[in-house]
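This briefing accompanies a protein model and is arranged by topic. Please keep the sequence and the structure in view while reading.

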Amino acid sequence: MRAARRTGGLQRKFFVALLIVGIVPGMVALWATYHSSTASLKQAIGEGFQEIARSTSIRLAGAVDDEIERAGRLAISVANQQAQTQSNQADSSKAGTTRSHSTHRFVKSPVTAAYLEEWARESRHYLRVTIADHQGLIIASTDPALPPQQADQMWWREAMHAQAGAAYVSNVTLDPAINEAIFHVAVPIVEKAGGHVTGAVDLVIRHNLLTQLILPIHIGNTGHAMLLDTQGTPLICPVLPPTAHLIPSALINQLALDRPLWLVADDDAHGGRDAIVGASPVRFSHLLTPSSLEGNRWYAFVRQAPEETYAPIYSLLFTVGVIGFGLVIVLSAFGFVVGYRIVKPLAALQREAEGLRLNLATPQTTTTVPLATPALPQEYQTGDEIEDLATTFAAMRAVLEENLRTIRSQQHELIRREKLASVGQLLAALAHDLRNPLGVIRSSAQVVLEGPQEEAIRHEMARYIIDEVDKLSQRLHDFLRYARQKPPDFIDCAAEEVMRGALKQWKAQGGHERIRVEHRFGQNLPLIRIDPEQIKEALMNVLINAREAMPDGGTLILETRIGDGDAVAIDVTDTGSGIPPDHLARVFEPFFTTKNYGTGLGLTNVKRLVEDNGGTLAVTSNQGTGTTFTLRFRPAS
């Protein structure tokens, strides 16, 4: 069946082609713009974040260094007062007073809580200032509730064992008593005379000293700075509380370098993916004790939500995309108009071709009035190659129609001659097959009419007449089967049953006394959908040919089996003389026979019957050893 006519297909192709031509480069340009802009933006923002982190780390280190220096000055003041007190005690000893045995011990000095409070008042960040002696006993403190013994505190132990010029700085921790984050700065009190450590000064500093350096850092709406340590613990974060998030170890491993840097983090611990972050280590100018910062380092960390970071790129891409898409639409519309101008004459030319096709497909007699060649329509006059094509097509159509009329005229004449030749061949074959039996019948009847004959002779003459009449009947049957085709009545049946039915009819005809029949019927074969009477008739013809091929006897092998492609095959094999190779290709042609009798229509009818029933027929033969006919049928569904 011919497909429905397509309308506007070429025009749509023009439109789609230009749309693709516009979109694909646009997508490539957007992709290149995105990657180029992203790389440039990452570089610029990353370097900016790195500089912010570096400057923040310098301010943080400076703030802590200032507190270390203040604690050191307080320790020097206490040491000076201690030296003065020792000097006074020495003078008193020379005057006969009690001799002091306090060498390398903290000598009670006039440092009082009031003095410390006055000293601490200079900075609002101190929570507590404490001075302890070499035994850990508090000499003075701004917190009267502090236990007198501080020898078990980390700040005292670190300060008492610190080398010259070193200080102890603790990590930022939460003080549960006041629910506020604090950190310690502790320095040793060194005796001026002998350089021995006679005590320690401890400053407990609120974390707002560091927070005030971090909170003012704002980058857009979501960008901020943080202070964290090498364990990934956020010590100061203006967005989330320290316990609400933890820096991933993978990110810490990337940040934990001894130099400022920036990178793109898979996870910035704030829900951001592919976020740009900057970091810088906090380097103190003072020497710290080994346990300072709990053995960690501090890092200034700067980040911003990726959505805000990449917002300029997305805005740029959106603007470029809208402009590019608009240009693509305009270009496609232009292509649509151009396509219409091109398709219009082609569509008219297609209609002309369709008219020619219908003209070629419509049967016409020799008396049909020829179609006049139409003039070139106005819609073809485009002034380009399409007009040339239309002109050539019109000329070609006129030639084709003229040739078509000639071919149809010749075709009618050939068909008429072929019919006459077929009728003549059929009548010649029929006359040949009827002449001999009629001659035998006439001779036999004449012998009977000549006078009284013996009973045996009359019986023999009657047998001749009956045999010849049977031959005439068979010949007429072959001709009628060839001339008229009855459609098959399909039913599902077994191949073995059809074979046995044909074999029974064949045996009833006689002449098989010296032929040995072998059965090789397959088991559990599927049913086949055929007209059993027509297939029996076909098998009968094959069996008769096999009997005639073995006049001196032989073996007839009947087999049913599964053939190629699950088809059911029926094989009829004889051990006769076989078929010569030059005759094998013609055995199914009408009227072809190598016998002195017969119409040559037997195998032609067999092939037609098998094919009408949806099967195939094949023959193989070895001259001198026998022939095999194979009928194949599809299994019933």
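Gln-534 is found in helix α11 of this predicted model. At 4% relative accessibility, Gln-534 counts as buried, because the limit for that class is under 20%. The side chain of Gln-534 is joined to that of Asn-613 by a polar contact of 3.0 Å.

**Helix α11**

- Helix α11 covers residues 532–549, which makes 18 residues.
- Most of α11 is covered, as 14 of its 18 residues are buried.

**Nonpolar cores**

- In soluble globular proteins, nonpolar side chains tend to be buried together.
- The largest nonpolar core of this model has 52 residues.
- Leu-203, Leu-210, Leu-227 and Trp-298 are the residues with the most contacts inside that core.
- Helix α1 supplies the largest share of this core, namely 14 residues.

- Val-16, Ile-20, Val-24 and Val-28 make a nonpolar surface patch of about 330 Å².
- Ile-20, one of these residues, has its place in helix α1, which runs over residues 9–94.
- Ile-20 has a relative accessibility of 47% and therefore counts as partly exposed.

**Salt bridges between separate parts of the chain**

- Side chains of opposite charge can pair when their charged atoms come close.
- The model has a count of 17 salt bridges.
- One of them pairs Asp-143 with Arg-128, and their closest N and O atoms are 3.8 Å apart.
- Asp-143 lies in the loop between β2 (138–141) and α3 (154–160), while Arg-128 lies in strand β1 (residues 126–133), so this pair ties together parts that are 15 residues apart in sequence.
- The two partners fall into separate classes of accessibility: Asp-143 is partly exposed at 26%, whereas Arg-128 is buried at 14%.
- Asp-268 forms a salt bridge with Arg-303, with 2.6 Å between the closest N and O atoms.
- This pair links distant parts of the chain, 35 residues apart: Asp-268 is in the loop between β10 (261–265) and β11 (275–281), and Arg-303 is in strand β13 (residues 298–303).
- Asp-268 is buried, with a relative accessible area of 0%, and Arg-303 is buried as well, at 5%.

- Lys-607 forms a salt bridge with Glu-611, the closest N and O atoms being 2.9 Å apart.
- Both residues lie in helix α13 (residues 602–612), where they are four residues apart, about one turn of the helix.
- An α-helix has 3.6 residues a turn, so residues three or four places apart point the same way.
- Lys-607 is partly exposed, with a relative accessible area of 26%, and Glu-611 is partly exposed too, at 43%.

**A network of salt bridges**

- Which residues are linked in a network of salt bridges?
- Asp-258, Arg-283 and Arg-297 are linked in this way.

Methods. Residues are numbered from 1 along each chain as its sequence is written. This is a predicted model: local features need pLDDT of at least 70, side-chain atom pairs count only at pLDDT 80 or more; totals for chains, interfaces and linings use all residues. Side-chain values use heavy atoms; hydrogens and water are left out. A salt bridge is a side-chain nitrogen of Lys or Arg within 4 Å of a carboxyl oxygen of Asp or Glu. Helices (H or I, at least four residues) and strands (E, at least two) are DSSP runs, numbered from the N terminus. Buried means under 20% relative accessible area, exposed over 50%, partly exposed in between (1.4 Å probe, protein chains only). Patches are made of residues with over 30% relative accessible area and no salt bridge: like charges are joined within 9 Å, nonpolar side chains (Val, Leu, Ile, Met, Phe, Trp, Tyr) within 5 Å. Accessible areas come from the Shrake-Rupley method with a 1.4 Å probe; for residues, only the protein chains shown count as cover. A nonpolar core is a set of buried Ala, Val, Leu, Ile, Met, Phe, Trp, Tyr and Cys residues joined through side-chain atoms within 4.5 Å. The expected span of a helix is 1.5 Å times one less than its number of residues. A polar contact is a pair of N or O atoms within 3.5 Å; within protein, one must be able to donate a hydrogen and the other to accept it, and residues adjacent in sequence count only if both atoms are side-chain atoms.
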